[in-house]
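Hello,

I am passing a structure on to you, with some notes to read beside it. Please open it first and then come back to the text.

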Amino acid sequence: MRIQLNVWRQAGPSVPGQFETYSLDDVSQDMSFLEMFDLLNEKLIKEGKEPVEFDHDCREGICGSCNMMINGQAHGPRARTATCQLHMREFKNGDTIDVEPWRAEAFPVIRDLVVDRSAFDRIIEAGGYVSINTGSAPDANTIPIEKDKAEAAFDYAACIGCGACVAACPNASASLFVGAKVSHLALLPQGEPERKRRVIQMVGQMEKEGFGDCSNHGECEAVCPKGISIAGIAMMRREYMKAIMG
Amino acid sequence: MKTDTVQKASAIRSLFSSPVGKKVLTGITGLGLTLFVLMHVSGNLSYFKSSDAYNTYSHFLLSLGPLLYAVELGLVAFFAVHAVQGIRIFLGKRKARAHGYKTYASKGKPSMQSLSSRSMIVTGILLLLFLLIHLKTFKYGAYYETIVDGVPMRDLARLLTETFQSPFYTFGYVAIMVLLGIHLRHGFWSAFQSLGAMNPRLTPVVYGLGVAIALIVAVGFLVLPLWIFFTGGNA
Amino acid sequence: MTLDAKIPAGPLESKWNQYLKNIKLVSPNNKRKYTVIVVGTGLAGASAAATLAELGYNVKALCIQDSARRAHSIAAQGGINAAKNYPGDGDSVWRLFYDTIKGGDYRSREANVYRLAQISNNIIDQCVAQGVPFAREYGGLLSNRSFGGAQVSRTFYARGQTGQQLLLGAYSALSRQVEAGTVTMMPRQEMLDLVVVDGRARGIITRNLVTGKLERHHGDAVLLCTGGYGNVYYLSTNAKNSNVTAAWRCYKRGALFANPCFTQIHPTCIPVSGDYQSKLTLMSESLRNDGRVWVPKNAGDKRPPLQIPDEDRDYYLEKKYPSFGNLVPRDVASRNAKQVCDEGRGVGTTQLSVYLDFRDAIKRLGRDTIAARYGNLFEMYERITDENPYEVPMRIYPAVHYTMGGLWVDYNLMTTVPGLFALGECNFSDHGANRLGASALMQGLADGYFIIPYTLGQYLAGSAAGGVSPNDAAFAEAETSSAEMIDRLFSGRKKRTVLEFHRDLGRIVWDNVGMSRTREGLTSAIDEIAAMRASFWNDVSLPGRQDTLNKNLEFAGRVADFMELGELMARDALQREESCGGHFREEYQTPEGEALRNDDDFAYAAAWQHQAGAPAVLHKEDLAFENVSLSQRSYK
Ligand SMILES: Cc1cc2nc3c(=O)[nH]c(=O)nc-3n(C[C@H](O)[C@H](O)[C@H](O)COP(=O)(O)OP(=O)(O)OC[C@H]3O[C@@H](n4cnc5c(N)ncnc54)[C@H](O)[C@@H]3O)c2cc1C
Ligand code: HEM
Ligand code: HEM
Ligand code: SF4
Ligand code: F3S
Ligand code: FES
């Protein structure tokens, strides 16, 4: 099928970017969205032009590398799907597709569709862990954990750190990402000793990184490839208030 | 290495300025204001019973004296904190995404994004402007007197009746009340989420309740000016 | 050169404990004076970097991705083995050891594998303490499943995302050390060369993938944790950035590369759908517990699957291996799939796939049970293929999944270059000729959390810290050579793209050094690759510039190394005149068509030494089996 692409091109962090229009004639329904970009890039290279840079790695929805704003939707139209898992059969012959990078001051553009998401790493560094040195752990079955609790913790632990929540949030807030990690560890006994410090540190770092505040738009949950619930944001707030109160 | 901002940070600063605290405050104040408008709207409805009933009601409130002042002070504080935090959140968000998207579209369910959620700042600021005019019109408006059951009191019913003869006031009010409904449609649910009280089971229930309250408040308010305008109101 | 594996003396069970008792220690105050460079932040790298930093070493860690959390380990699905014996079904350290040795077709080192089995239990403890949400029973205790045909339930898992959860655990430990200032984390950096000073590994050259700048990093030891080289086949289940470059450049600096031809082909992957295909997706092999594998009896039977009656179907695995049936090991299942496709009985438009049919399981257990067991896999399949596996049989085909070969290391995980260690999939150590399911995660974490902290200390205790500067001639020389290579890549005549070369290379390696290998095929592959290498350097078309983010440049360098590796794989496969594990030489099979091992002549690890301008030299590490007796695998 025939697809027209409006792609954001930006040569570097400090130069202005613009949209370029490309058209591809031989896109297959069974291609993934990134494979369509491979096709585009091969074409551009053959024409002596610079290919579009974009992040990708696992191409199966788990590493969180890929990040495209597709027709104004983070990771495109399909729910619970990362860009790399999106297939061209979601589109029609003749469609025009706008592709932009994640946009947030905390995620500066590096080049074309590649952005810098290291703010997420710094948030985790601020407290998204259990302080346990290697070798000091007790037997794994020492603490039984209710199956349902473990499952609930898993739902939050499933975050792939892609940043779609930030990209789609009208406020460019990182609350879902932070809420997911806070909730994952708050639900487990292992997270207990550091639960106060963790939430205060992580929320503090989120603020420093320049993300917006959360106005409860809930768009983040809709675009999250892992479908993480904004109940995690509510839990983060509870944890935070408990932590500063006492 | 990052310093431990943490432990030391005062709870007060966290409450006013952290991303969580800001929302907890808009949430608490928002719910407080919701409670106020619910009472206000039910008070207003006594006008339909009779002007005397309405005047007696407001006279009763006034007679509370210091208690009323305390409540009024609280109201001012709530409005102020609510508006200030709301505006800060808005400014923060503009800074967080200085460069917007060419195209932007919601992905639909389970997103809670709506016209309401995206226009909170607009509806909010219009409410603030409305409030200033509103206080000037009524609270600090013309002072008529009347006597009900031998007790002299302010005839607010008359002021209402007179004010809403004007199409400008009537339809202006109607418009504002619609905005208030829009504000509350997202606001009510949102406040509970801000206070950390929501989970996936409760959310649809509370959101529904919020829509109902928004409707009740908006309709409850706007029938009064419309009724006065079209029927002339209580004689 | 003689290869000394430095295996401690004593009985198998007490080698590691004895070793620990006798190692030299670095005093706590001195540790921070030692700088350890950790290349890669997968399970092996992240766990090593975090643990070494906890111990007090000064750690510099780097990875290609924009965050340490995105290393390829994140994609592992099925689970991680440990000899906990929680289900009480008779598992033990010995049994895990034995299964691993046997599964590897007796081409791995007893002492290493035994240590791995011993350590396996600590890994689970450590990960649970970090908050890894493993599956649990209703009683609240950890749940286990049987995996890859194992006779005991020893696999711990976290839904279908075990690798993700384990890696996030290690990443969180790493993040904690970054905050503490003991680890300097450098994402978006690619190692291009190893710097050897006075015979010791003392640093690396990297390319900053954002600015393009070549950087020099110096230290007291280098830990390579850079994963496997499955992408030499172009199509594989590996992440797109997985590569051999770091290991290869170390090989060129003197580290021996062992058993490159031992690669694992996983039987249950989603088949290729067209030329544009960029990678293959694995589906958990647990599917084979309930799915039945078949192809039409007659070549050229083009009827849709539902119209093919049972009498025209060939359930070839059940027929050929009555006792294991659909659950035969990976290599056997894969080879048989290839065989039926070669006979023209493959299905799908490309005729390169076989059916995996759930019809009977759904009939027997009900759709709901099947959905509960495999729902997410079915969904993933449907998302990719647009076919509903509840209604039509899945189509599967084998795909490259794991590489057992890698840098040769001794018992200390040190390569033949002193101070250069290799951990995780990039070493050759534990899986012999075939890896058991759920053992790679175990090995990566064992290496990083529990082995290197001791063996590295042993090495460093014997050498003074520091004494090397990035201005040393060796650094300059290495940087120049990297810069020259980049310049050469840009000076191609711009005829063919990197991707086209990679695709062609993949086809050659897959056809000749894939599921089954022949002398002629391997010989011709060596020639073809040599020709392709020449054409690559002449004709490659590299867009853009060096001083900016340029993924084509990154890939070009990696493809250049893959071409050299592909040739070495073919040489390795050629010299190994036997069939074992993932290495099947058609000339060496039993009358029934099964792999025929030759323990008398080939019970060794083949370690190759690079020679500039000449074919690599083979060194053999003879494998001594003192505790297990070698037997022929049989799944009939
Ligand atoms: C789809 C799939 C499913 C799997 N499922 C299982 C399973 O269920 N159980 C199991 O036990 N095993 C499984 N495996 C195998 C297992 O995941 C891997 O063997 C293991 O994760 C490898 O870990 P690692 O730490 O050695 O390397 P990797 O995780 O591959 O990490 C490599 C690191 O090195 C970095 N790197 C590479 N080259 C360079 C360079 N030149 N410069 C700088 N950095 C570099 C990368 O950025 C990355 O950080 C699976 C594999 C695949 C492909
Ligand atoms: C004084 C004028 C007002 C202004 C400027 C204002 C502004 C705002 C803004 C900007 C928000 C959104 C905050 C965010 O983005 O997170 C908000 C939320 C809210 N507002 Fe108002 N508002 C005003 C009056 C009112 C009134 C009169 C009510 C009640 C009747 C009300 C109820 C709420 C509620 C319940 C919320 C949700 C709070 C939350 O999400 O935590 N507001 N307001
Ligand atoms: C049709 C709609 C409304 C009518 C007819 C109405 C009428 C009045 C009247 C008559 C008073 C004077 C009461 C007194 O001084 O004792 C008053 C006060 C007030 N109204 Fe309204 N009102 C309406 C809507 C609103 C709305 C939507 C708000 C809030 C956003 C609001 C906020 C207030 C406040 C804060 C006061 C002052 C209360 C006090 O100081 O005790 N009103 N209103
Ligand atoms: S919460 Fe969801 S959208 Fe946000 S980073 Fe995690 S996986 Fe991506
Ligand atoms: S979309 Fe944004 S406003 Fe909050 S609920 Fe999600 S972070
Ligand atoms: S490329 Fe890994 S999630 Fe998309």
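Predicted model: local features only at pLDDT ≥ 70, side-chain atom pairs only at ≥ 80, totals over all residues.

Residues are numbered from 1 along each chain as its sequence is written, chains are lettered from A and ligands numbered from 1 in the order in which they are written, and side-chain values use heavy atoms, leaving out hydrogens and water.

**Confidence**

The predictor gives the complex an ipTM of 0.96 and a pTM of 0.96.

**The iron of ligand 2**

Which protein atoms hold the iron atom of ligand 2 as donors? They are NE2 of His82(B) and NE2 of His183(B), lying 1.9 to 2.1 Å from the iron. Donors here are N, O and S atoms within 2.8 Å of the metal (3.2 Å for Na, K and Ca); water is not among the atoms, so sites may look incomplete. His82(B) sits in helix α4 (residues 66–96) of chain B and His183(B) in helix α8 of chain B, so the pair ties together parts that are 101 residues apart in sequence. Helices are DSSP runs of H or I with at least four residues, numbered from the N terminus.

The 6 donor atoms subtend angles of 85 to 179 degrees at the iron atom of ligand 2, which makes the arrangement octahedral.

**Around ligand 3**

Ligand 3 is surrounded by 21 residues, each with a heavy atom within 4 Å of the ligand. By class, 16 are nonpolar, 3 polar and 2 charged. Helix α6(B) gives the largest share, 6 residues. A polar side-chain atom of Glu72(B) lies 2.6 Å from an oxygen atom of ligand 3, and one of His134(B) lies 2.7 Å from a nitrogen atom of ligand 3.

**Around ligand 4**

Among the 13 residues around ligand 4, those that come nearest include Cys159(A), Cys162(A) and Cys165(A). This shell has 11 nonpolar, 2 polar and no charged residues.

Happy exploring!

Notes:
Polar contact = N/O pair within 3.5 Å; in protein donor to acceptor, adjacent residues only side chain to side chain. Helix = DSSP H or I, 4+ residues; strand = E, 2+ residues; numbered from the N terminus. Nonpolar A, V, L, I, M, F, W, Y, C, P; charged D, E, K, R; others polar. Tetrahedral: all angles 85-135°; square planar, octahedral: opposite > 155°, others 65-115°.
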